[in-house]
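Hi,

Here is the structure I promised to pass on.

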Amino acid sequence: HLLEDETLALFGWYEARQDYADRTRRLKQAILFDNRIESVRQQEVRELYRLPFKVSASSMEAYGACPFKFFMRYGIRPQERQIWQINLPDIGNLLHKTAEVFTKQIVEEQIDLHTVDQQMVEDRVEAIITEQAQQYKSAMFASGGVNAFLFNKLRRAAKNAIGMMVQQLKNGIFTIADSEVRFDESGQMSPISLKLPDGEEVLLRGAIDRVDIYEKDGRRYIKIVDYKTGNKSVDYTNIYYGLNMQLLLYMQACLNADLQNTPAGMFYYQLDNPLFKYEEEPDEEKLDKKMRDEMKLRGIATSDAEIIRAIDQNGENLTNMKIKKDGEPAQGANVFSEEELKALMAHTVRLTEQFSQEIFSGEIAPRPYIKKDQSNACTYCDYKSICTFDTGFTANQYRNLEPVGREQIVEKTARSKGVEDA
């Protein structure tokens, strides 16, 4: 008990006096406050989310970071006051839309990328990004001053990123199948449908930025590319605990769509220009090499050396996926057998089921993760002023994530899949 019997008796004496009753009750409430957030009743859960329960990879990642974050973002949905200014999401949206439209044009016009030169790329990107900027938020990017300066930087970044993207595709034999590939009730592919133990259906939906394909021996190899602003890379701890589920769930949707589909690789591609630090002024050749290194595809792929070479024939486009001369992957490479990739996908599907079940049970209490390096879910959370999470309260404690490496995640997911298949 936070209050001793004598103290409680004293509070009772003051509460019995009309002059002190209200202030005493408020003081006692403050002393006994433990910042505990109770679960939501199931009827309220159904009213908040409706049925069938529709989720996305990003919403599941939000829950994996902290249940309260999911509850606020996808249940209560408070809105920030809108300020007429360009922010980071606006920059990402414009670059993302430019890449999407460019890719759509390549597919729809059946353009052979091997006939495309840098000037053609720049001309198309110039036309696309200018049109998109005019349509975005009342032509905010074209409003002059600082915004116009920023737009010029984004034009250069888009031309550079899409130019390198074209070069990467030329260096492989995969071809673009489509961009913004939706898997939902009206998309090109069906949503991933899951059944919870209580019989409720969960529909996992999404849109894949780009899908590339390569057909060989009656199999269609699938390569997924997700466009990002910022340098995102593979983190097995994040994958295992459900903080990075997107690529694996997207690939699962592709495999569900056709039995011929086989996982080749899942990658992030950086759309904005990376920043470098130099002790001295670099020459143009070194700068170009550094730029290409920073903008390589980052992700995970099959350990099949032939398929890796089909993605990247000269070994210049992928990060940490080197294949040795004997055909085996180099030590620590982010490559997996087909069975291992499918076990990773099955793991993210199980996490989706687990998270959905917890959401339906009314779980909303803050349980933010914290890693060994002290990075945690609260640092950039939009809702920390609402939940007022404070480890000084017994009810508010971080959820420690033990580091997980490549070998560990293979072992853990294989073991889980084995139990599931048994």
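Predicted model: local features only at pLDDT ≥ 70, side-chain atom pairs only at ≥ 80, totals over all residues.

How many cavities of 30 Å³ or more does the structure hold? There are four. The largest has a volume of about 90 Å³, and around it you'll find Ser233, Val234, Asp235, Ile239, Asn244, Met245, Gln246, Leu247, Leu248, Tyr268 and Ile300. Helix α10 (residues 246-257) supplies the largest share of that lining, with three residues. By class, the lining of the largest cavity splits into seven nonpolar, three polar and one charged.

The largest pocket holds about 1500 Å³ of space. Its lining runs to 40 residues, and those nearest the centre are Lys69, Arg73, Pro89, Tyr380 and Asp382. The elements giving two or more residues to the largest pocket are α4 (57-65), α5, α6 (88-108), β4 (201-216) and α10. Which of them gives the most? That would be α4, with five residues. In terms of class, the lining of the largest pocket comes out at 14 nonpolar, 14 polar and twelve charged residues.

The second largest pocket has a volume of about 650 Å³. It is lined by 20 residues, with Leu88, Ile91, Gly92, Thr229 and Asp272 the closest to its centre. Here the elements that give two or more residues are α6, α8 (145-170) and β5 (219-228). The biggest contribution to this lining is from α6, at six residues. The lining of the second largest pocket divides into ten nonpolar, six polar and four charged residues.

On to the helix pair. The axes of α1 (residues 5-15) and α2 (residues 21-32) come within 8 Å and cross at roughly 150 degrees. That angle is over 145 degrees, so α1 is roughly antiparallel to α2. On the α1 side, the residues in contact are Phe11, Tyr14 and Glu15. They meet Ala21, Thr24, Arg25, Leu27, Lys28 and Ile31 in α2. Sorted by class, this contact has five nonpolar residues, one polar and three charged.

Finally, a few overall numbers for the chain:

- The secondary structure comes to 15 helices and ten strands.
- The C-alpha atoms fill a box of roughly 90 × 65 × 50 Å along the principal axes.
- Of the 422 residues, 45% count as buried.
- Among contacts with a separation of 6 or more, 72% are between residues 24 or more positions apart.

That's everything from my side.

Cheers

Note on methods. Residues numbered from 1 in each chain as written. Heavy atoms only, no water. Axes fitted to C-alpha atoms, helices over the stretch in contact; angles between N-to-C directions. Helix = DSSP H or I, 4+ residues; strand = E, 2+ residues; numbered from the N terminus. Parallel < 35°, antiparallel > 145°, perpendicular 65-115°, else oblique. Contact = heavy atoms within 4.5 Å. Nonpolar A, V, L, I, M, F, W, Y, C, P; charged D, E, K, R; others polar. 1 Å grid on protein atoms, 1.4 Å probe; cavity = no way out; pocket = protein on both sides within 12 Å on 5 of 7 lines; lining within 4 Å. Points joined across faces, edges and corners; volume = space filled by probe spheres on them. Buried < 20%, exposed > 50% of the residue type's maximum accessible area, 1.4 Å probe, protein only.
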